[in-house]
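These are my notebook entries on one structure. I record below what I looked up, entry by entry.

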Amino acid sequence: MAKAGSNLNLDGQGNPVWLLLELTYKCPLKCAFCSNPTDLDTHEDELTTAEWKKVMHDARNMGAMQIGFSGGEPTLRKDLEELVADANDLGYYTNLITSGIGLTRKRLENLKKAGLRHIQLGFQSSDPQTAHWLAGVDCYEKKINMAREIKALGFPMVLNVPISSVNIHQVPEVIHLAADIGVEYLELANVQYYNWALVNRDQLMPTREALKAAEAQVAEARKQLGDRMTIFFVIPDYYEGRPKACMNGWGSIHLTIAPDGVVLPCSQARSLPGLNFPGVRDHNLRWIWHESESFNLYRGDSWMKEPCRSCSEKEQDFGGCRCQAMLLTGDAANADPACSKSLHHHIVQEAVTRALATKQDHNKLIARDVGWVPTEV
């Protein structure tokens, strides 16, 4: 049996626990920090309803317990309710990860009847103009209304707000809005620089001073709110000096199924050139997880170069993110350059310096639909 990179087997057998289904890459928004692939047009052959059901059955038989329906925008799939019902019947804890566009009161009611347990709603800003600017479309009121409908129907809810230089100064207002809506969890997740966010990195990266101010504001809000709401504040690893333990290690507990059925250890792994990730149309999911070359490539530590191989922290961070290492250094086996021990850490330091030295002209943000800019340049 393949050995997970983190050696962390939550089910005791080394099987996936968390399953993310990217039902489609299509989305009505045009976010400048979008994590969708930049070559969207090459990924149009989506799995059918029957194929998605087989994926869920196979993963459940392997021990997967939690399932996230994501995208793109998963509500663009007309079979979403049917898929949720099937997942619920299989015993999954189901989570919908959505922009809220495509939801209605009636559809929320149908999803609740189908067995949906939890909703994560993406949100851009507490300010309508900034929200329009970041999302590329006017959706602020729609999102607010859907957030209130979600809570009115009794769904547990995470409000997910990607934080960047454009909205970091609005953190207190975002917290106030979330508390007013009544969400249980607020995730202030600093943008991670992949795909479109990497394209826009110089415009999106906040200053260290802005991050410290926002951290202090979050700490104060936690004191005031107590148990009413849990606030997560995720610092970008460009500033931390150590990489995050990406996905708890490559092929450890998580797998992503892309819209066309390609199986990935994380949603960004398609950015790694030269890797042939197998798909569920051609291979058995159990074989892909345990035996395929792509899932075994970065498990364990034999693939590691120095300084990771002899690092005392390798069992905590597993060398960091393979996708970020590839994007920034050209070799996925290098230490994640977010780590201060990495021989390539200067790339991250230079990126920070360049972003902060550059006038952050947010009018020049490029969104996933090539050519879109939020305001007239």
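Entry 1, the hairpin. I looked up the hairpin of β8 and β9, where 5 residues lie between the strands and Gly261 takes a positive phi near 90 degrees. Strands (E, at least two residues) and helices (H or I, at least four) are DSSP runs, numbered from the N terminus. I note that this is a predicted model, in which local features need pLDDT of at least 70 and side-chain atom pairs count only at pLDDT 80 or more, while totals for chains, interfaces and linings use all residues. Residues are numbered from 1 along each chain as its sequence is written, and side-chain values use heavy atoms, with hydrogens and water left out.

Entry 2, strand β8. I find that β8 (residues 254-257) is joined to β9 (residues 263-264) by 2 bridges, the two running antiparallel, with Ile257 opposite Val263. Strand β1 (residues 18-22) runs parallel to β8 and is joined to it by 4 bridges; Leu20 stands opposite Thr256. Strands count as paired if DSSP finds at least two bridges between them. His254 and Thr256 point one way from β8, Leu255 and Ile257 the other, and all are buried (under 20% relative accessible area, with exposed over 50% and partly exposed in between; 1.4 Å probe, protein chains only). In a regular strand the side chains alternate between the two faces of the sheet.

I read the order of the open sheet of 9 strands as β7-β6-β5-β4-β3-β2-β1-β8-β9, with mixed pairing. Which strands stand at the edges? They are β7 (230-234) and β9; each has a single partner strand, so one side of each is left without a neighbour in the sheet.

A nonpolar core is a set of buried Ala, Val, Leu, Ile, Met, Phe, Trp, Tyr and Cys residues joined through side-chain atoms within 4.5 Å. The largest has 79 residues, of which Leu21, Phe69, Ile175, Leu186, Leu188 and Ile257 touch the most other members. Helix α6 (residues 171-181) gives this core its largest share, 7 residues. I also found a second, separate core of 20 residues, which includes Tyr25, Leu264, Cys266 and Cys321.

Leaving aside neighbours within four places in sequence, I list among the contacts of Leu188 (heavy atoms within 4.5 Å) Val161, Ile163, Ile175 and Phe233.
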